[in-house]
Amino acid sequence: MYPGISIESESHITEEKIGVLLLNLGGPETLNDVQPFLFNLFADPDIIRLPRLFRFLQQPLAQLISVLRAPKSKEGYAAIGGGSPLRKITNEQANALRLALKTKEVPANVYVAMRYWYPFTEEAVRQIKRDRITRLVVLPLYPQYSISTTGSSVRILQDMFRDDSYLSRLPVAIIQSWYQREGYIKSMADLIEKELQIFPNPEEAMIFFSAHGVPVSYVEDAGDPYKDQMEECIFLIMKELKSRGTNNDHTLAYQSRVGPVQWLKPYTDEVLVELGQKGVKSLLAVPVSFVSEHIETLEEIDMEYKHLALESGIANWGRVPALNCSSSFITDLADAVIEALPSAMAMSTSNTISEEVENDIVGYVAKLFFGSILAFVLLLSPKMLLAFKNNVL
Ligand SMILES: C=CC1=C(C)c2cc3[nH]c(cc4nc(cc5[nH]c(cc1n2)c(C)c5CCC(=O)O)C(CCC(=O)O)=C4C)c(C)c3C=C
Ligand SMILES: [Fe+2]
């Protein structure tokens with residue numbers, strides 16, 4: 001009962017019209033977009049997680065932090081050409097996915113919904129309604145689930161769908177995570193194998209998985225499955241490589257921490273220095289939380305971490321490119337969509353991890369209550385504000 005195939009009911013025949021909604025983060029396209037983009041990001045209660053009682057502070061806090069962080073972020077975006085490549089790459093992925101689905105005889109419209117910049121989720125949802133889609137697959141472009149990425153995007157989508165008579169009845173399948181898919185694992189292994197060949201002695205290079213970090217509290221207090229999924233993902237990629245006779249050493253570290261709290265450890269920058277001190281000479285960096293090139297691959301890894309590694313004594317540096325539109329990867333996404341179609345059901349009756357996590361948060365909120373009062377008082381002090389800007393952002 002997929003496209004082109006009609007559903008017959010007593011009174012009428014309906015043509016199935018499939019939609020695929022790609023969820024992504026979004027990124028500033030010009031340097032002028034950086035501060036408003038950061039505002040949208042920090043205004044998200046899944047990024048800065050205030051206790052419910054303090055939610056009224058979310059927007060002023062987002063304004064403050066975005067203004068303080070903007071100069072540093074702008075430097076990063078300036079270094080990669082003045083803006084994020086995310087919109088362009090995600091549109092290319094959407095088009096490639098549409099073509100892959102067509103080849104598999106499942107014609108579908110593919111939409112892009114960004115969480116913090118254009119095209120925003122509202123725009124994609126407007127198009128879905130306008131096109132009278134009859135069955136929708138939601139596919140986050142994050143292989144592993146985190147409250148801060150897939151969780152946040154799905155939460156706002158559910159809010160929009162719940163309040164709309166057409167959308168609340170639309171059969172929807174949400175692919176929560178897909179890091180364990182064979183096609184994805186094999187595509188990553190292909191890229192790693194290829195890049196290893198560039199080293200003078202490929203078997204001596206350490207495979208260095210660098211994942212985006214999240215604050216420890218997400219995992220320990222709110223039950224974010226991100227760390228477990230990341231570790232399993234690395235295990236599966238290494239298992240695939242071993243089955244092909246590639247037995248290099250590997251390690252996993254977490255990058256891109258922001259703010260004064262504890263993030264998942266070990267930290268990428270610290271591990272690079274340690275490996276240099278231990279005498280590692282060849283290192284292949286593998287970005288693993290995200291499937292497109294973006295500021296954290298192009299600036300943080302290719303510039304900052306490469307510089308740090310070379311300075312620490314690592315002589316041979318390489319970096320695996322993001323999957324972007326690799327054909328085996330896109331074909332696997334198309335398979336994931338096709339496999340998900342039969343499970344589509346109206347959102348009002350579906351249950352997601354974010355709802356389960358929401359319940360855990362209630363206890364967590366209570367614990368954070370007094371800590372946050374203290375943090376807020378400190379933030380109001382001009383001296384502390386200056387220190388926050390200079391030392392933390
Ligand atoms: C402050 C908290 C943040 C959490 C938690 C976080 C999680 C997280 N993010 C990505 C992927 C991306 N992040 C990007 C940009 C970005 N993220 C944060 C903060 C958090 N991320 C900031 C402040 C920024 C802006 C850039 C900067 O100033 O450093 C992007 C967009 C990159 C682009 O090219 O524009 C991506 C992608 C993941 C996968 C993740 C948790 C698993
Ligand atoms: Fe991020």
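Trainee: How many residues of domain 1 and domain 2 are in contact?
Mentor: In this predicted model, 26 residues of domain 1 are in contact with 25 residues of domain 2.

Trainee: Which elements supply the domain 1 side of that?
Mentor: Helix 2 (58-79), helix 3 (86-103), helix 5 (147-162) and helix 11 (327-340) each give at least two residues to the side of domain 1 that touches domain 2. The largest share comes from helix 11, with five residues.

Trainee: And what is that side of domain 1 like by class?
Mentor: The side of domain 1 that touches domain 2 has 14 nonpolar, 10 polar and two charged residues.

Trainee: Where do the two domains run in the chain?
Mentor: Domain 1 covers 6-178 + 327-357, and domain 2 covers 182-319. Their C-alpha centres lie 26 Å apart.

Trainee: Where does ligand 1 lie relative to the domains?
Mentor: Ligand 1 lies between domain 1 and domain 2, because both of them give residues to the shell around it.

Trainee: Which residues come nearest to it?
Mentor: There are 22 residues around ligand 1, and of these Gly27, Ser73, Ser84, His294 and Ile295 come nearest. Helix 1 (34-42), helix 2 and helix 5 are the elements that give two or more residues to the shell.

Trainee: How does the shell divide by class?
Mentor: The shell around ligand 1 has 11 nonpolar residues, 10 polar ones and one charged one.

Trainee: Changing topic. What is the strand order in the open sheet of five strands?
Mentor: The order is 4-3-5-6-11, and the pairing is mixed.

Trainee: Why is one side of strand 4 and of strand 11 left without a neighbour in the sheet?
Mentor: Strand 4 (108-114) and strand 11 (345-346) stand at the edges and have a single partner strand each, so one side of each has no neighbour in the sheet.

Trainee: What about strand 5 and strand 6?
Mentor: Strand 5 and strand 6 also have a parallel pairing, over three bridges. The bridge partner of Val137 in strand 6 is Ala173. Between the two strands the chain passes through helix 5, and this β-α-β crossover is right-handed.

Trainee: Then strand 6 and strand 11, parallel or antiparallel?
Mentor: Strand 6 and strand 11 pair in the antiparallel sense over two bridges. Val172 stands opposite Met345 in strand 11.

Trainee: Which residues of strand 6 are on the covered face?
Mentor: In strand 6 (residues 171-174), Val172 and Ile174 form the covered face, while Pro171 and Ala173 form the uncovered one.

Trainee: I clicked on Ser210. Buried or exposed?
Mentor: Ser210 counts as buried, because it has 27 C-beta neighbours inside 10 Å and the cut-off for buried is 20 or more. Ser210 sits in strand 7 (residues 206-212).

Trainee: What does Ser210 touch?
Mentor: Leaving out residues up to four places away in sequence, Ser210 touches several residues, including Ala253, Gln255, Ala285 and Ile301.

Trainee: Where are the cis peptide bonds you mentioned on my list?
Mentor: One joins Tyr118 and Pro119, with omega about -10°. Pro119 is in the loop between strand 4 and helix 4 (121-130). Another runs from Lys265 to Pro266, with omega near 0°. Pro266 is in the loop between strand 8 (250-255) and helix 9 (268-277).

Trainee: What is phi of Glu105 near?
Mentor: Phi of Glu105 is near 60°, a positive value in a residue other than glycine. Glu105 is in the loop between helix 3 and strand 4, and it is exposed, with 10 other C-beta atoms within 10 Å.

Trainee: And Asn324?
Mentor: Asn324 is not a glycine either, and its phi is positive at about 40°. Asn324 lies in the loop between strand 10 and helix 11. With 16 other C-beta atoms within 10 Å, Asn324 is partly exposed.

Note on methods. Residues numbered from 1 in each chain as written. Chains lettered and ligands numbered in written order. Predicted model: local features only at pLDDT ≥ 70, side-chain atom pairs only at ≥ 80, totals over all residues. Domains from an automatic or database assignment. Contact = placed C-beta atoms within 7 Å. Helix = DSSP H or I, 4+ residues; strand = E, 2+ residues; numbered from the N terminus. Nonpolar A, V, L, I, M, F, W, Y, C, P; charged D, E, K, R; others polar. Near = placed C-beta within 6 Å. Pairing = 2+ DSSP bridges. Buried ≥ 20, exposed ≤ 12 C-beta atoms within 10 Å, placed from the backbone. Right-handed = clockwise from strand over helix to strand, strands pointing away.
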